[in-house]
Amino acid sequence: MAAISTRVLVGADVATFATGSAPPGDAYGLVRGAAVAIEGERIAWVGPVAGLPSRFHASPTDDLGGALVTPALVDCHTHCVYAGNRAREFELRLEGASYEAIARAGGGIRSTVAATRAASEEALLAASLPRVDALVAEGIATLEIKSGYGLDLDCERRMLRVAREIGRRRRLTVRTTFLGAHALPPEWTDDADGYVGHVAGEVLPALVAEGLVDAVDAFCEGIAFSPPQVARVFDAASALGVPVKIHAEQLSDLGGARLAAGYGALSADHLEHLAPADAPALAAAGTVAVLLPGAFYTLREARLPPVAALREAGVPIAIATDCNPGSSPLTSPLLVANMACTLFRLTPAEALAGLTREGARALGMLDDRGTVEAGKRADLAVWDVHEPAELAYRIGFNPLRRRIVGGVG
Ligand code: DI6
Ligand code: FE
(Lines give C-alpha, C1' and ligand atoms only; values in the text may rest on other atoms or scores of the structure.)
(Ligands and ions follow the chains in the order given, each with its own letter.)
Protein backbone atom coordinates (compact mmCIF):
# COMPACT_ATOMS: atom_id res chain seq x y z
CA MET A 1 0.00 0.00 0.00
CA ALA A 2 1.32 3.44 -0.89
CA ALA A 3 2.15 5.64 2.09
CA ILE A 4 -0.36 8.40 2.72
CA SER A 5 1.26 11.69 1.79
CA THR A 6 1.40 14.34 4.47
CA ARG A 7 2.18 18.03 4.15
CA VAL A 8 1.65 21.16 6.18
CA LEU A 9 0.41 24.45 4.76
CA VAL A 10 2.02 27.39 6.56
CA GLY A 11 2.30 31.13 6.00
CA ALA A 12 -1.45 31.57 5.77
CA ASP A 13 -4.42 32.92 7.60
CA VAL A 14 -7.31 30.47 7.59
CA ALA A 15 -11.00 31.36 7.63
CA THR A 16 -12.18 27.98 8.90
CA PHE A 17 -15.92 28.75 9.07
CA ALA A 18 -15.97 26.20 11.89
CA THR A 19 -18.77 26.89 14.33
CA GLY A 20 -18.23 26.45 18.01
CA SER A 21 -14.49 27.03 18.14
CA ALA A 22 -14.56 30.64 16.92
CA PRO A 23 -14.45 33.36 19.55
CA PRO A 24 -17.64 35.47 19.79
CA GLY A 25 -17.74 38.12 17.10
CA ASP A 26 -15.58 36.09 14.71
CA ALA A 27 -18.01 34.59 12.23
CA TYR A 28 -15.14 33.56 9.94
CA GLY A 29 -13.48 31.29 12.50
CA LEU A 30 -10.29 33.12 11.51
CA VAL A 31 -6.90 31.73 12.53
CA ARG A 32 -4.05 34.12 11.76
CA GLY A 33 -0.61 32.59 11.29
CA ALA A 34 -2.12 29.16 10.82
CA ALA A 35 -0.88 25.72 9.87
CA VAL A 36 -3.06 23.18 8.09
CA ALA A 37 -1.81 19.60 8.11
CA ILE A 38 -3.11 17.50 5.25
CA GLU A 39 -2.91 13.71 5.27
CA GLY A 40 -3.98 12.12 2.01
CA GLU A 41 -7.26 13.70 1.03
CA ARG A 42 -8.18 14.81 4.56
CA ILE A 43 -7.40 17.71 6.84
CA ALA A 44 -5.51 16.24 9.80
CA TRP A 45 -5.03 19.36 11.91
CA VAL A 46 -5.60 23.14 11.76
CA GLY A 47 -4.60 25.84 14.24
CA PRO A 48 -1.98 28.45 15.05
CA VAL A 49 1.39 27.33 13.67
CA ALA A 50 2.95 27.40 17.15
CA GLY A 51 0.56 24.65 18.21
CA LEU A 52 1.36 22.23 15.37
CA PRO A 53 1.57 18.73 16.92
CA SER A 54 5.06 17.23 16.91
CA ARG A 55 4.01 14.34 14.67
CA PHE A 56 3.84 16.84 11.80
CA HIS A 57 7.18 18.58 12.51
CA ALA A 58 9.09 16.46 10.00
CA SER A 59 6.45 16.74 7.28
CA PRO A 60 7.14 18.81 4.18
CA THR A 61 5.78 22.34 4.38
CA ASP A 62 4.09 24.41 1.71
CA ASP A 63 4.57 28.13 2.47
CA LEU A 64 1.64 30.14 1.14
CA GLY A 65 3.38 33.47 1.70
CA GLY A 66 0.59 35.27 3.51
CA ALA A 67 -2.41 34.00 1.55
CA LEU A 68 -5.90 33.52 2.93
CA VAL A 69 -7.20 29.95 2.98
CA THR A 70 -10.91 29.16 3.04
CA PRO A 71 -12.87 26.01 2.42
CA ALA A 72 -13.12 25.51 -1.34
CA LEU A 73 -16.41 27.03 -2.46
CA VAL A 74 -19.64 25.09 -2.84
CA ASP A 75 -22.23 26.05 -5.45
CA CYS A 76 -25.30 24.25 -4.11
CA HIS A 77 -27.84 25.30 -6.78
CA THR A 78 -27.11 25.34 -10.51
CA HIS A 79 -28.71 24.42 -13.80
CA CYS A 80 -25.39 24.70 -15.65
CA VAL A 81 -25.95 21.74 -17.99
CA TYR A 82 -28.07 22.92 -20.92
CA ALA A 83 -27.84 23.71 -24.61
CA GLY A 84 -28.93 26.77 -26.53
CA ASN A 85 -28.89 30.43 -25.82
CA ARG A 86 -31.45 32.82 -24.37
CA ALA A 87 -29.75 36.15 -25.06
CA ARG A 88 -32.72 37.12 -27.23
CA GLU A 89 -35.01 36.87 -24.19
CA PHE A 90 -32.76 39.28 -22.41
CA GLU A 91 -33.43 41.71 -25.22
CA LEU A 92 -37.18 41.03 -25.05
CA ARG A 93 -37.22 41.73 -21.34
CA LEU A 94 -35.42 44.99 -21.96
CA GLU A 95 -38.15 45.80 -24.46
CA GLY A 96 -40.72 45.28 -21.70
CA ALA A 97 -41.73 41.60 -21.72
CA SER A 98 -41.84 39.93 -18.28
CA TYR A 99 -40.17 36.60 -17.41
CA GLU A 100 -43.58 35.09 -16.78
CA ALA A 101 -45.03 36.41 -20.06
CA ILE A 102 -42.09 34.95 -22.00
CA ALA A 103 -42.57 31.60 -20.22
CA ARG A 104 -46.31 31.56 -20.92
CA ALA A 105 -45.63 32.30 -24.60
CA GLY A 106 -43.57 29.10 -24.88
CA GLY A 107 -40.19 30.75 -24.47
CA GLY A 108 -38.22 30.61 -21.30
CA ILE A 109 -37.51 27.19 -19.88
CA ARG A 110 -39.26 25.47 -22.78
CA SER A 111 -36.96 27.02 -25.37
CA THR A 112 -33.98 25.60 -23.47
CA VAL A 113 -35.79 22.25 -23.34
CA ALA A 114 -36.04 22.21 -27.14
CA ALA A 115 -32.33 23.01 -27.54
CA THR A 116 -31.28 20.51 -24.88
CA ARG A 117 -33.38 17.71 -26.37
CA ALA A 118 -31.74 18.36 -29.74
CA ALA A 119 -28.21 18.13 -28.31
CA SER A 120 -26.17 14.92 -28.16
CA GLU A 121 -24.46 13.97 -24.93
CA GLU A 122 -21.14 15.19 -26.34
CA ALA A 123 -22.63 18.51 -27.46
CA LEU A 124 -24.27 19.01 -24.07
CA LEU A 125 -20.98 18.33 -22.32
CA ALA A 126 -19.09 20.69 -24.62
CA ALA A 127 -21.66 23.45 -24.08
CA SER A 128 -21.60 23.03 -20.30
CA LEU A 129 -17.90 22.69 -19.51
CA PRO A 130 -17.01 26.36 -20.09
CA ARG A 131 -19.60 27.35 -17.48
CA VAL A 132 -18.19 24.81 -15.04
CA ASP A 133 -14.68 26.06 -15.74
CA ALA A 134 -15.72 29.62 -14.92
CA LEU A 135 -17.09 28.41 -11.56
CA VAL A 136 -13.97 26.40 -10.85
CA ALA A 137 -11.78 29.40 -11.69
CA GLU A 138 -13.34 31.19 -8.72
CA GLY A 139 -12.77 28.40 -6.23
CA ILE A 140 -15.70 26.02 -6.62
CA ALA A 141 -14.86 22.38 -5.80
CA THR A 142 -18.36 21.06 -5.03
CA LEU A 143 -21.07 21.70 -7.56
CA GLU A 144 -24.73 20.75 -7.61
CA ILE A 145 -26.20 20.33 -11.08
CA LYS A 146 -29.91 19.94 -11.74
CA SER A 147 -31.64 18.28 -14.63
CA GLY A 148 -34.94 19.81 -15.74
CA TYR A 149 -34.33 20.86 -19.34
CA GLY A 150 -35.08 17.40 -20.72
CA LEU A 151 -38.49 16.70 -19.21
CA ASP A 152 -38.58 13.21 -20.68
CA LEU A 153 -36.73 10.12 -19.56
CA ASP A 154 -34.11 10.11 -22.30
CA CYS A 155 -33.12 13.72 -22.08
CA GLU A 156 -33.25 13.95 -18.27
CA ARG A 157 -30.96 10.91 -18.21
CA ARG A 158 -28.63 12.58 -20.69
CA MET A 159 -28.41 15.70 -18.58
CA LEU A 160 -27.63 13.73 -15.41
CA ARG A 161 -25.05 11.60 -17.20
CA VAL A 162 -23.35 14.75 -18.48
CA ALA A 163 -23.38 16.15 -14.94
CA ARG A 164 -21.69 12.99 -13.63
CA GLU A 165 -19.19 13.14 -16.51
CA ILE A 166 -18.29 16.71 -15.56
CA GLY A 167 -17.31 15.40 -12.13
CA ARG A 168 -14.94 12.97 -13.83
CA ARG A 169 -13.48 15.49 -16.29
CA ARG A 170 -12.74 18.20 -13.76
CA ARG A 171 -11.27 18.32 -10.25
CA LEU A 172 -14.53 18.74 -8.40
CA THR A 173 -17.37 16.84 -6.80
CA VAL A 174 -20.67 16.98 -8.66
CA ARG A 175 -23.99 16.29 -6.93
CA THR A 176 -26.88 15.61 -9.24
CA THR A 177 -30.44 16.73 -8.62
CA PHE A 178 -33.40 15.45 -10.62
CA LEU A 179 -35.69 18.37 -11.49
CA GLY A 180 -38.25 16.64 -13.67
CA ALA A 181 -40.92 18.92 -12.20
CA HIS A 182 -39.35 22.06 -13.63
CA ALA A 183 -41.79 22.92 -16.41
CA LEU A 184 -44.59 21.23 -18.31
CA PRO A 185 -43.19 19.74 -21.52
CA PRO A 186 -45.12 20.37 -24.74
CA GLU A 187 -46.35 16.78 -25.08
CA TRP A 188 -48.17 17.08 -21.72
CA THR A 189 -49.80 20.47 -22.36
CA ASP A 190 -53.02 20.75 -20.37
CA ASP A 191 -52.21 17.65 -18.34
CA ALA A 192 -49.89 18.75 -15.56
CA ASP A 193 -51.24 16.06 -13.23
CA GLY A 194 -50.57 13.40 -15.85
CA TYR A 195 -47.02 14.65 -16.28
CA VAL A 196 -46.42 14.71 -12.53
CA GLY A 197 -47.67 11.14 -12.27
CA HIS A 198 -45.27 10.13 -15.04
CA VAL A 199 -42.35 11.90 -13.36
CA ALA A 200 -43.12 10.40 -9.93
CA GLY A 201 -44.05 6.94 -11.13
CA GLU A 202 -41.72 6.27 -14.06
CA VAL A 203 -38.96 8.78 -14.74
CA LEU A 204 -37.73 9.26 -11.17
CA PRO A 205 -37.62 5.53 -10.23
CA ALA A 206 -35.76 4.71 -13.48
CA LEU A 207 -33.11 7.38 -12.94
CA VAL A 208 -32.69 6.49 -9.26
CA ALA A 209 -32.18 2.85 -10.27
CA GLU A 210 -29.43 4.00 -12.63
CA GLY A 211 -27.63 5.79 -9.79
CA LEU A 212 -28.02 9.19 -11.39
CA VAL A 213 -29.98 11.00 -8.65
CA ASP A 214 -28.53 12.41 -5.43
CA ALA A 215 -31.58 14.59 -4.67
CA VAL A 216 -34.97 15.56 -6.09
CA ASP A 217 -36.10 19.14 -6.68
CA ALA A 218 -39.35 20.70 -7.90
CA PHE A 219 -40.35 24.18 -9.06
CA CYS A 220 -43.38 25.16 -6.97
CA GLU A 221 -44.84 28.24 -8.64
CA GLY A 222 -47.87 29.53 -10.52
CA ILE A 223 -46.00 29.09 -13.82
CA ALA A 224 -44.80 25.62 -12.80
CA PHE A 225 -46.27 23.09 -10.31
CA SER A 226 -48.73 23.40 -7.43
CA PRO A 227 -48.00 22.25 -3.87
CA PRO A 228 -50.14 19.07 -4.26
CA GLN A 229 -48.27 18.22 -7.48
CA VAL A 230 -44.91 18.82 -5.80
CA ALA A 231 -46.06 16.64 -2.90
CA ARG A 232 -46.60 13.72 -5.29
CA VAL A 233 -43.03 14.03 -6.52
CA PHE A 234 -41.73 14.31 -2.97
CA ASP A 235 -43.74 11.27 -1.85
CA ALA A 236 -42.11 9.26 -4.62
CA ALA A 237 -38.64 10.57 -3.73
CA SER A 238 -39.15 9.81 -0.05
CA ALA A 239 -40.32 6.29 -0.85
CA LEU A 240 -37.09 5.79 -2.80
CA GLY A 241 -35.02 7.23 0.06
CA VAL A 242 -33.86 10.26 -1.92
CA PRO A 243 -33.68 13.67 -0.17
CA VAL A 244 -35.69 16.57 -1.56
CA LYS A 245 -35.25 20.30 -2.14
CA ILE A 246 -37.55 22.91 -3.63
CA HIS A 247 -37.69 26.07 -5.73
CA ALA A 248 -40.24 27.99 -3.71
CA GLU A 249 -41.64 31.44 -3.15
CA GLN A 250 -39.62 32.94 -6.02
CA LEU A 251 -42.43 34.85 -7.73
CA SER A 252 -45.35 34.28 -5.32
CA ASP A 253 -46.14 32.61 -1.99
CA LEU A 254 -47.69 29.15 -2.47
CA GLY A 255 -46.38 27.76 0.83
CA GLY A 256 -43.84 25.58 -0.99
CA ALA A 257 -41.10 26.03 1.58
CA ARG A 258 -43.44 24.96 4.38
CA LEU A 259 -44.41 21.93 2.33
CA ALA A 260 -40.78 21.00 1.74
CA ALA A 261 -39.95 21.40 5.42
CA GLY A 262 -42.61 18.77 6.09
CA TYR A 263 -40.49 16.37 4.04
CA GLY A 264 -37.31 17.30 5.91
CA ALA A 265 -36.01 18.97 2.75
CA LEU A 266 -32.29 19.67 2.45
CA SER A 267 -33.08 23.17 1.24
CA ALA A 268 -35.74 25.60 0.12
CA ASP A 269 -34.41 27.93 -2.55
CA HIS A 270 -35.21 31.50 -3.71
CA LEU A 271 -37.74 32.49 -0.96
CA GLU A 272 -38.22 36.17 -1.83
CA HIS A 273 -41.95 35.74 -1.14
CA LEU A 274 -41.56 33.50 1.93
CA ALA A 275 -43.91 34.53 4.73
CA PRO A 276 -41.76 35.40 7.77
CA ALA A 277 -44.09 33.18 9.82
CA ASP A 278 -42.86 30.15 7.83
CA ALA A 279 -39.22 30.58 8.86
CA PRO A 280 -39.52 28.56 12.12
CA ALA A 281 -40.77 25.53 10.18
CA LEU A 282 -37.59 25.59 8.08
CA ALA A 283 -35.45 25.90 11.20
CA ALA A 284 -37.24 23.01 12.91
CA ALA A 285 -36.74 20.77 9.86
CA GLY A 286 -33.06 21.73 9.47
CA THR A 287 -33.90 22.95 5.97
CA VAL A 288 -31.36 25.42 4.58
CA ALA A 289 -32.63 28.63 2.97
CA VAL A 290 -30.71 28.99 -0.30
CA LEU A 291 -30.81 32.60 -1.48
CA LEU A 292 -30.15 33.28 -5.16
CA PRO A 293 -29.35 36.95 -5.71
CA GLY A 294 -28.42 36.40 -9.36
CA ALA A 295 -32.03 35.56 -10.25
CA PHE A 296 -33.31 38.43 -8.13
CA TYR A 297 -30.97 40.79 -9.95
CA THR A 298 -31.62 39.45 -13.45
CA LEU A 299 -35.40 39.53 -13.06
CA ARG A 300 -35.17 42.94 -11.35
CA GLU A 301 -37.31 41.66 -8.50
CA ALA A 302 -38.33 44.16 -5.89
CA ARG A 303 -39.24 41.89 -3.02
CA LEU A 304 -36.38 40.90 -0.72
CA PRO A 305 -36.22 37.50 0.99
CA PRO A 306 -37.11 37.81 4.70
CA VAL A 307 -33.52 37.64 5.90
CA ALA A 308 -34.26 39.07 9.35
CA ALA A 309 -36.93 36.41 9.97
CA LEU A 310 -34.59 33.65 8.74
CA ARG A 311 -31.84 34.87 11.08
CA GLU A 312 -34.19 35.22 14.01
CA ALA A 313 -35.57 31.72 13.54
CA GLY A 314 -32.05 30.30 13.18
CA VAL A 315 -32.49 29.05 9.62
CA PRO A 316 -29.11 28.27 8.01
CA ILE A 317 -28.60 30.50 4.96
CA ALA A 318 -26.67 29.43 1.86
CA ILE A 319 -26.20 31.33 -1.38
CA ALA A 320 -25.61 29.99 -4.89
CA THR A 321 -25.28 31.09 -8.49
CA ASP A 322 -28.50 29.44 -9.79
CA CYS A 323 -26.48 29.37 -13.04
CA ASN A 324 -29.16 28.92 -15.72
CA PRO A 325 -29.86 30.35 -19.16
CA GLY A 326 -32.95 32.34 -18.23
CA SER A 327 -33.06 33.96 -14.84
CA SER A 328 -29.42 33.79 -13.75
CA PRO A 329 -26.81 33.50 -16.50
CA LEU A 330 -24.16 33.80 -13.82
CA THR A 331 -20.97 31.83 -13.31
CA SER A 332 -19.25 33.91 -10.62
CA PRO A 333 -19.62 32.79 -7.00
CA LEU A 334 -17.71 35.87 -5.85
CA LEU A 335 -20.22 38.12 -7.57
CA VAL A 336 -22.98 36.14 -5.85
CA ALA A 337 -21.32 36.91 -2.51
CA ASN A 338 -21.18 40.60 -3.38
CA MET A 339 -24.81 40.62 -4.54
CA ALA A 340 -25.93 38.78 -1.39
CA CYS A 341 -24.41 41.58 0.67
CA THR A 342 -25.40 44.54 -1.47
CA LEU A 343 -28.89 43.38 -2.52
CA PHE A 344 -29.95 41.12 0.40
CA ARG A 345 -27.89 42.81 3.16
CA LEU A 346 -26.14 39.63 4.27
CA THR A 347 -22.89 40.29 6.08
CA PRO A 348 -19.75 39.25 4.18
CA ALA A 349 -19.27 36.50 6.78
CA GLU A 350 -22.80 35.21 6.16
CA ALA A 351 -22.32 35.38 2.40
CA LEU A 352 -19.03 33.47 2.51
CA ALA A 353 -20.41 30.94 5.00
CA GLY A 354 -23.25 30.60 2.50
CA LEU A 355 -20.77 29.57 -0.20
CA THR A 356 -18.92 27.13 2.07
CA ARG A 357 -20.39 25.65 5.25
CA GLU A 358 -24.04 26.32 4.46
CA GLY A 359 -23.70 25.32 0.82
CA ALA A 360 -22.31 21.99 2.01
CA ARG A 361 -25.17 21.68 4.49
CA ALA A 362 -27.69 22.34 1.70
CA LEU A 363 -26.24 19.32 -0.11
CA GLY A 364 -26.24 17.11 2.98
CA MET A 365 -22.43 17.09 2.90
CA LEU A 366 -21.51 19.14 5.95
CA ASP A 367 -20.00 16.14 7.74
CA ASP A 368 -17.48 15.83 4.94
CA ARG A 369 -16.67 19.39 3.79
CA GLY A 370 -17.59 23.06 3.93
CA THR A 371 -15.30 24.05 6.81
CA VAL A 372 -11.57 23.79 7.49
CA GLU A 373 -11.56 21.28 10.34
CA ALA A 374 -9.68 18.11 11.17
CA GLY A 375 -11.31 15.09 9.58
CA LYS A 376 -12.89 16.97 6.71
CA ARG A 377 -11.95 16.57 3.09
CA ALA A 378 -9.01 18.81 2.17
CA ASP A 379 -10.89 20.95 -0.33
CA LEU A 380 -9.38 24.39 0.11
CA ALA A 381 -9.20 27.68 -1.77
CA VAL A 382 -6.08 29.82 -1.53
CA TRP A 383 -6.69 33.53 -2.11
CA ASP A 384 -4.45 36.54 -2.55
CA VAL A 385 -6.35 38.68 -0.07
CA HIS A 386 -5.70 39.66 3.53
CA GLU A 387 -9.23 40.09 4.89
CA PRO A 388 -11.97 37.53 4.26
CA ALA A 389 -14.47 40.34 3.64
CA GLU A 390 -12.46 41.34 0.56
CA LEU A 391 -13.85 38.27 -1.21
CA ALA A 392 -17.37 39.70 -0.97
CA TYR A 393 -16.46 43.36 -1.24
CA ARG A 394 -14.70 43.58 -4.56
CA ILE A 395 -16.65 43.38 -7.82
CA GLY A 396 -15.32 41.62 -10.90
CA PHE A 397 -12.00 40.72 -9.26
CA ASN A 398 -10.78 37.16 -8.88
CA PRO A 399 -7.97 36.72 -6.36
CA LEU A 400 -7.99 32.91 -6.44
CA ARG A 401 -4.40 31.66 -6.44
CA ARG A 402 -5.15 27.95 -6.41
CA ARG A 403 -7.47 25.22 -5.26
CA ILE A 404 -6.50 22.18 -3.23
CA VAL A 405 -9.00 19.41 -3.99
CA GLY A 406 -8.98 16.20 -2.00
CA GLY A 407 -5.53 17.17 -0.75
CA VAL A 408 -4.15 17.68 -4.25
CA GLY A 409 -3.06 20.97 -5.78
N1 DI6 B 1 -36.32 28.96 -11.23
C2 DI6 B 1 -35.41 29.67 -11.87
O3 DI6 B 1 -35.04 30.76 -11.57
C4 DI6 B 1 -34.88 28.88 -12.97
N5 DI6 B 1 -35.59 27.68 -12.83
C6 DI6 B 1 -36.39 27.77 -11.82
O7 DI6 B 1 -37.10 26.84 -11.47
C8 DI6 B 1 -35.13 29.49 -14.31
C9 DI6 B 1 -34.76 28.55 -15.39
C10 DI6 B 1 -34.90 29.14 -16.77
O11 DI6 B 1 -35.47 30.22 -16.98
O12 DI6 B 1 -34.38 28.48 -17.68
FE1 FE C 1 -32.93 27.36 -9.95
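Predicted model: local features only at pLDDT ≥ 70, side-chain atom pairs only at ≥ 80, totals over all residues.
Helix α5 covers residues 153–169. At 1.5 Å a residue, its 17 residues should span 24 Å, and the end C-alpha atoms are 24 Å apart, which agrees. The buried residues of α5 are Cys155, Glu156, Arg158, Met159, Leu160, Val162, Ala163 and Ile166. These buried residues pack against the helices α3 (109–117), α4 (121–136) and α6 (192–209), as well as the strands β6 (140–146) and β7 (173–181).

The structure holds 32 salt bridges.

| Salt bridge | N to O distance |
|---|---|
| Asp62 and Arg7 | 3.0 Å |
| Asp133 and Arg170 | 2.6 Å |
| Lys146 and Asp217 | 2.8 Å |

Asp62 counts as buried at 18% relative accessibility, and Arg7 is buried with a relative accessible area of 18%.

Asp133 and Arg170 also meet in a salt bridge, which links helix α4 to the loop between α5 and β7, 37 residues apart. Asp133 is partly exposed, at 30% relative accessible area; Arg170 is partly exposed, at 27%.

Lys146 forms a salt bridge with Asp217. Lys146 lies in strand β6 and Asp217 in strand β8 (residues 215–220), so the pair ties together parts 71 residues apart in sequence. Lys146 is buried at 1% relative accessibility, and Asp217 is buried at 0%.

Finally, a network of salt bridges links Glu41, Arg42, Asp368, Arg369, Arg377 and Asp379.

Conventions
Residues numbered from 1 in each chain as written. Chains lettered and ligands numbered in written order. Heavy atoms only, no water. Helix = DSSP H or I, 4+ residues; strand = E, 2+ residues; numbered from the N terminus. Expected span 1.5 Å × (residues − 1). Buried < 20%, exposed > 50% of the residue type's maximum accessible area, 1.4 Å probe, protein only. Contact = heavy atoms within 4.5 Å. Salt bridge = Lys/Arg side-chain N within 4 Å of Asp/Glu carboxyl O.
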